[in-house]
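Visitor: Please walk me through how to read this model, one feature at a time. Where should we start?

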Amino acid sequence: MDKIIVLNRVKPHTSFRGEIESGLLKMLTIGLGGPIGAKYIHQNSEGNMSSLIKDVGLYIIKTIPIIFGVAIVENPYKEAYKIEVIPPENIFEREKILLKVAQENMPRLPFENIDLLICNEMGKCYSGTGMDTNIIGRMRTNNGNYNNKPFIKRILVLDLAEASQGNANGVGLADFVTKKLVDKIDFYSTYLNCLTTGFLQRAMIPIIMNTDKEAIFTALESIQGISHNNPKVVRIKNTLDLEDIWISKGFLKEIQELGLEMEGSWQSLSFAKNGTLL
């Protein structure tokens with residue numbers, strides 16, 4: 001090889017916390033390293049993946065001809081918020097700072113406690129884990145859950161995005177899924193992801209329901225200690241597109257307290273004859 005330019009988004013990782021998460025150093029260790037590099041990092045991190053990525057990344061910088069890195073930080077609307085060209089010797093220090101900028105610009109669900117989250121689609125096209133763990137508050141790694149914010153009692157995923165090409169890595173983050181989602185799963189690619197990381201829970205299949213309608217009502221009935229007349233339900237397209245979300249009347253008090261803007265009018269959930277949510 002002659003010269004290398006390393007480019008990546010800097011953002012909070014979906015599997016661990018540390019001074020370095022997803023960014024240029026991760027691209028050097030796991031991106032350039034391919035499956036072998038990824039497996040080495042995951043199997044030898046001993047619970048501190050951030051530190052190992054930093055050490056291996058800095059070693060790589062010293063041993064191969066990197067010209068510079070290009071770090072991109074996005075705003076909550078998936079637009080480039082900051083683009084920075086960094087000399088190789090400064091990548092570590094700058095990435096630490098840019099990670100904090102990325103954390104401040106992450107989209108979030110506005111509520112801390114949700115009874116049921118309905119996610120229209122999951123997939124690798126939205127997050128490496130199908131659903132961004134920073135959004136749903138679940139990681140399900142070997143070390144459990146790190147933040148649990150928001151705390152969501154039940155997560156239902158209705159479908160797997162076509163662009164994910166059958167890879168349902170992260171399906172185990174949900175509690176309920178539909179049969180149409182499961183029928184689209186390519187188990188080889190899904191298992192390959194989870195066997196590489198060692199986070200096997202993320203490939204485990206949740207409770208399967210035949211239709212959207214059956215899944216929604218069963219998920220709600222499974223929750224103990226909530227107001228079934230006024231549950232707190234949130235519906236999203238996916239964990240990447242959060243500009244508009246649907247909410248139930250159970251959030252009226254929080255809406256007023258947070259000063260959130262509402263559009264449209266209250267409507268009942270409507271379904272096609274085959275039980276598909278409209």
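Guide: With two terms. Contact means that heavy atoms lie within 4.5 Å. Helices (H or I, at least four residues) and strands (E, at least two) are DSSP runs, numbered from the N terminus. The model is predicted: local features need pLDDT of at least 70, side-chain atom pairs count only at pLDDT 80 or more, and totals for chains, interfaces and linings use all residues. Residues are numbered from 1 along each chain as its sequence is written, and side-chain values use heavy atoms, with hydrogens and water left out.

Visitor: Take a helix, then. Which residues of H3 are buried, and what covers them?

Guide: Buried means under 20% relative accessible area, exposed over 50%, and partly exposed in between (1.4 Å probe, protein chains only). In H3 the buried residues are Met 49, Ser 50, Leu 52, Ile 53, Lys 54, Gly 57, Ile 60 and Ile 61. Their cover includes H1, H2, E2 and helix H4 (91-104).

Visitor: What span should the 15 residues of H3 have?

Guide: The expected span of a helix is 1.5 Å times one less than its number of residues. For H3 that gives 21 Å, and the end C-alpha atoms are 21 Å apart, which agrees.

Visitor: How do I tell which side of a helix faces inward?

Guide: An α-helix has 3.6 residues a turn, so residues three or four places apart point the same way.

Visitor: Now the strands. What is the order of the open sheet?

Guide: Strands of a sheet pair through backbone hydrogen bonds, either parallel or antiparallel. Two strands count as paired if DSSP finds at least two bridges between them. The open sheet here has six strands in the order E7-E6-E5-E4-E8-E9, with mixed pairing. Strand E7 (207-209) and E9 are the edge strands, as each pairs on one side only. Within the sheet, strand E5 (residues 151-160) and strand E6 (residues 176-178) pair in the parallel sense over two bridges. Phe 176 of E6 is the bridge partner of Leu 156.

Visitor: How many bridges join E1 to E2?

Guide: Six, and the two strands run parallel. Ile 72 in E2 is the bridge partner of Arg 9. Arg 9 belongs to the uncovered face of E1, with Ile 5 and Leu 7, whereas the covered face has Ile 4, Val 6 and Asn 8.

Visitor: And a loop residue: is Ser 164 buried or exposed?

Guide: Ser 164 lies in the loop between E5 and E6. With a relative accessible area of 6%, Ser 164 is buried. Leaving aside neighbours within four places in sequence, Ser 164 is in contact with Gly 123, Lys 124 and Cys 125.

Visitor: How many salt bridges are there in the whole structure?

Guide: A salt bridge is a side-chain nitrogen of Lys or Arg within 4 Å of a carboxyl oxygen of Asp or Glu. A search of the whole structure finds 16. One of them joins Asp 132 and Lys 11, whose closest N and O atoms are 4.0 Å apart. Asp 132 is in the loop between strand E4 (113-122) and helix H5 (133-136) and Lys 11 in the loop between strand E1 (4-9) and helix H1 (24-31), so the pair ties together parts 121 residues apart in sequence. Both Asp 132 and Lys 11 are buried.

Visitor: Which residues are linked in a network of salt bridges?

Guide: Lys 78, Asp 241 and Glu 243. Between Glu 243 and Lys 78, the closest N and O atoms are 3.1 Å apart. Glu 243 counts as partly exposed at 41% relative accessibility, and Lys 78 is partly exposed at 31%.
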